[in-house]
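The sequence and the structure are shown first, and the main points follow by topic.

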Amino acid sequence: MIPRTASQAPCLAISLFATERYAEAAQVFGTLGDAALTDPNMAYAWAFSLAHTNQPKQAREILGKLTSQQMTAEMLVSVGEVYNHLGDHEHALTSFRKAIQQDPSIKKAHDDAGSALIRLDRPAEAVPELQAELKLNPDEPDTQYRLAHALLQTGQEEQAIEVLRTLIAAHPNHARGATIWEKSCSRLEKPKRRFRTSRSRRG
């Protein structure tokens with residue numbers, strides 16, 4: 001879809017983006033060229049549209065230009081989420097940490113950083129990020145799940161059980177939480193059963 005006049009292009013592109021017509025939005029943003037990069041919101045929408053229409057190389061180019069600009073903490077989180085979608089978790093993490101540095105009280109940035117660190121196989125670093133998110137947003141089930149997962153990956157099973165107990169009590173239908181809750185309880189119970197069996201035999 002090509003706008004009839006150049007002045008129509010920005011509004012048309014944003015309208016297409018807002019209605020999730022990402023392929024058409026990316027095409028219209030493309031007609032704007034560098035003009036779209038002067039507005040961080042427009043540049044973000046262009047990168048997002050490219051990322052969600054299997055155009056990762058072009059999306060990264062736009063993100064690279066966007067990250068050289070001054071951005072709000074909220075925009076940094078949004079940019080990081082596009083990087084995550086592209087599987088570029090290192091750049092995503094950089095964006096999330098910049099957002100946190102700019103506004104330590106911003107919600108979701110610590111959770112996103114923790115999620116990126118888990119994907120980068122750095123669960124020990126993920127734990128404090130996820131704990132920080134839960135201080136800001138205590139009843140977020142997916143953050144609780146990710147924290148439990150990271151604790152399990154770092155051998156902190158008892159702490160993970162406590163997090164899972166809180167999660168399941170408030171959100172009993174959280175499928176992934178229930179699954180690792182059962183597995184973790186089972187792992188902790190087996191040594192106890194062996195200990196009780198051993199003592200009964202000696203008795």
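Asp121 counts as exposed, because its relative accessibility is 60% and exposed means over 50%. The model is a predicted one. Asp121 lies in the loop between α7 and α8 (123-136), within a chain whose secondary structure comes to 11 helices and zero strands.

**Overall architecture**

- Read from one end of the sequence to the other, the chain shows the pattern α-α-α-α-α-α-α-α-α-α-α.
- The chain has 203 residues, and buried residues make up 41% of them.
- Of the contacts between residues at least 6 apart in sequence, 45% join residues at least 24 apart.

**Positive phi angles in the loops**

- Most residues other than glycine have a negative phi.
- Asp121 is not a glycine, yet its phi is positive, at about 60°.
- Asn54 is found in the loop between α3 and α4.
- With a relative accessibility of 69%, Asn54 counts as exposed, because the cut-off for exposed is over 50%.
- Gly87, which follows α5, has a positive phi near 80°.

- Helix α7 is mostly covered, with 10 of its 11 residues buried.
- The buried residues of α7 include the charged residues Asp111 and Asp112, and also His110, Ser115 and Ile118.
- The packing partners of these buried residues are α5, α6, α8 and α9.

**The contact of α7 with α9**

- Two packed helices are described by the angle between their axes and the distance between the axes.
- For helix α7 (residues 109-119) and helix α9 (residues 141-153), the axes come within 10 Å and cross at roughly 35°.
- This crossing of α7 and α9 is left-handed.
- On the α7 side, the contact is formed by Asp111, Ser115 and Ile118; on the α9 side, by Thr143, Arg146, His149, Ala150 and Gln153.
- The residues of this contact divide into two nonpolar, four polar and two charged.

**Arg146 in α9**

- Arg146 is found in helix α9.
- Arg146 has a relative accessible area of 19% and is therefore buried, since buried means under 20%.
- The side chain of Arg146 makes a polar contact of 2.8 Å with the side chain of Asp111.
- Leaving aside residues up to four places away in sequence, Arg146 touches Asp111, Ser115, Ile118 and Leu130.

**Glu129 in α8**

- Glu129 has its place in helix α8.
- With a relative accessible area of 12%, Glu129 is buried.
- The side chains of Glu129 and His110 are joined by a polar contact of 2.7 Å.
- Beyond residues up to four places away in sequence, Glu129 touches Arg97, Ile100, His110, Ala113, Gly114 and Leu117.

**Helix α5**

- Helix α5 (residues 73-85) has 13 residues and should span 18 Å at 1.5 Å a residue; its end C-alpha atoms are 19 Å apart, which agrees.
- The buried residues of α5 are Ala73, Met75, Leu76, Val77, Val79, Gly80, Val82, Tyr83 and Asn84.
- These buried residues of α5 pack against α3 (40-51), α4 (56-66), α6 (89-102) and α7.

**Ala25 in α2**

- Ala25 has its place in helix α2 (residues 22-32).
- A relative accessible area of 0% makes Ala25 a buried residue.
- Apart from residues up to four places away in sequence, Ala25 touches Ala13, Leu16, Phe17 and Ser49.
- Ala25 and Trp46 are 21 residues apart in sequence, and their C-alpha atoms are 7.2 Å apart in space.

Key. Residues numbered from 1 in each chain as written. Predicted model: local features only at pLDDT ≥ 70, side-chain atom pairs only at ≥ 80, totals over all residues. Heavy atoms only, no water. Helix = DSSP H or I, 4+ residues; strand = E, 2+ residues; numbered from the N terminus. Buried < 20%, exposed > 50% of the residue type's maximum accessible area, 1.4 Å probe, protein only. Contact = heavy atoms within 4.5 Å. Axes fitted to C-alpha atoms, helices over the stretch in contact; angles between N-to-C directions. Left-handed = near helix turned anticlockwise from the far one by under 90°. Polar contact = N/O pair within 3.5 Å; in protein donor to acceptor, adjacent residues only side chain to side chain. Expected span 1.5 Å × (residues − 1).
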